[in-house]
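Let's take a walk through this model together. Have your viewer open and follow along from one stop to the next.

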Amino acid sequence: MLSLQGAAVDAINPSVELTEAERIDRLRLIRSDNVGPRTFRSLVDHFGSARAALERLPDLARRGGAQRSGRICSADEAKAELAASRKFGIAWRAPGEDGYPARLAMIDDAPPLLAVRGDTKTLMRPMIAIVGSRNASGAGLKFAGLLARELGEAGFAVISGLARGVDQAAHRASVETGTVAVLAGGHDCIYPPEHGDLLTAMLDHEGAAISEMPLGHEPRARDFPRRNRLISGASLGVVVVEAAHRSGSLITARMAAEQGREVFAVPGSPLDPRAAGANDLIKQGATLVTEAADIVNAVQPIMERPLMLPAGEPDSEPFESDPQGHDRDQITGLLGPAPVSIDDLVRMSGASPAIVRTVLLELELAGKLERHGGGLVSLL
């Protein structure tokens, strides 16, 4: 039988414990208009706290060209959301707090607060993601279940997206050993609805569910890629079992590679279009998987490395207090609908990284900028 060598906890020693006031401020900031996880982190790193950042939002948005300030979540709204969450058995956790998956805290766009339900000990265990086709073959479903069961018995928590097909098979096979569902909507908006009973069974057997969305949020098409980054980010690696070309599972695999996670793929028949995406991943360098031992052997060396929470922005240049008008015009003129890298903006504009980052932040808070993976930005 496979076994997990070393510690069965994939965690940084919790070094953070928010006060209730800090939790309210964080929720207010991330629920305010045009503030995503990366922007949240930039603001807090620069201004020192969520409360200080909240005070600066209107001025920054005005400088970015907003005709009027976007909605800022009120303290009463944040308190009401936290109270409703507690009644539902949900705890909101910040990176570094107990119950926030350690590896998820390390990605650039980690949720500033994560809605956690279930067994927090499972969330602190090393995780392997299993994803794949929603209309998987019988063989694909069987193999996904076999992998999940053996990985669970080896000490890993299996994480997936609670979708039909491979996700469902992986969750069901690892209910007894602990499995984690990542939700695209709020905790009260399970998708697909028929998997409500499966989620209940998971939570009854030391499983857990996580989401960054508020209660009442019905998942939309654009929410699933956001969910996928959490699946890959929380895991040591992602296993793809049957995925057609342009499958959402391939998005998860791409995100895993960008996040520095291992990518695994189960080979399938060249005649089955459901296996085409997974076969392509193997051609591109993904680790071929025919048994759980292939995964365990690949991640063992990674687990021996210490985990460190990021201290701040990777490009932790300070912001410019108030860029000059010609700098704003030049940087904005270089932007368009096609994504461009921030490094290229610095090089082409001749402005300092601090000025470029400040102008981009102002534009984003004004609702005029979109951030993409890999440090790319574009105008909306």
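**A ring pair and a core**

Phe-224 is buried, since its relative accessible area is 17% and the cut-off for buried is under 20%. Keep in mind that this is a predicted model.

Now look at what Phe-224 is paired with. Searching the whole structure turns up 1 aromatic pair. It is made by Tyr-191 and Phe-224: their ring centres are 5.7 Å apart and the planes meet at 65°, so the pair counts as edge-to-face, given that edge-to-face takes an angle over 60 degrees. The two partners come from distant parts of the chain, 33 residues apart. Tyr-191 sits in the loop between β5 (179–182) and α8 (196–204), while Phe-224 belongs to helix α9 (residues 223–233).

Next stop, the nonpolar interior. In soluble globular proteins, nonpolar side chains tend to be buried together. Here the largest nonpolar core has 31 residues, and those with the most contacts inside it include Leu-104, Met-127 and Val-240. Pick Leu-104 and check what surrounds it: leaving out residues up to four places away in sequence, Leu-104 touches Ala-110, Pro-111, Leu-114, Leu-230, Gly-233 and Ala-234.

How values were computed:
Residues numbered from 1 in each chain as written. Predicted model: local features only at pLDDT ≥ 70, side-chain atom pairs only at ≥ 80, totals over all residues. Heavy atoms only, no water. Phe/Tyr/Trp six-rings, centres within 6.5 Å; stacked < 30°, edge-to-face > 60°. Helix = DSSP H or I, 4+ residues; strand = E, 2+ residues; numbered from the N terminus. Buried < 20%, exposed > 50% of the residue type's maximum accessible area, 1.4 Å probe, protein only. Core = buried A, V, L, I, M, F, W, Y, C linked by side-chain atoms within 4.5 Å. Contact = heavy atoms within 4.5 Å.
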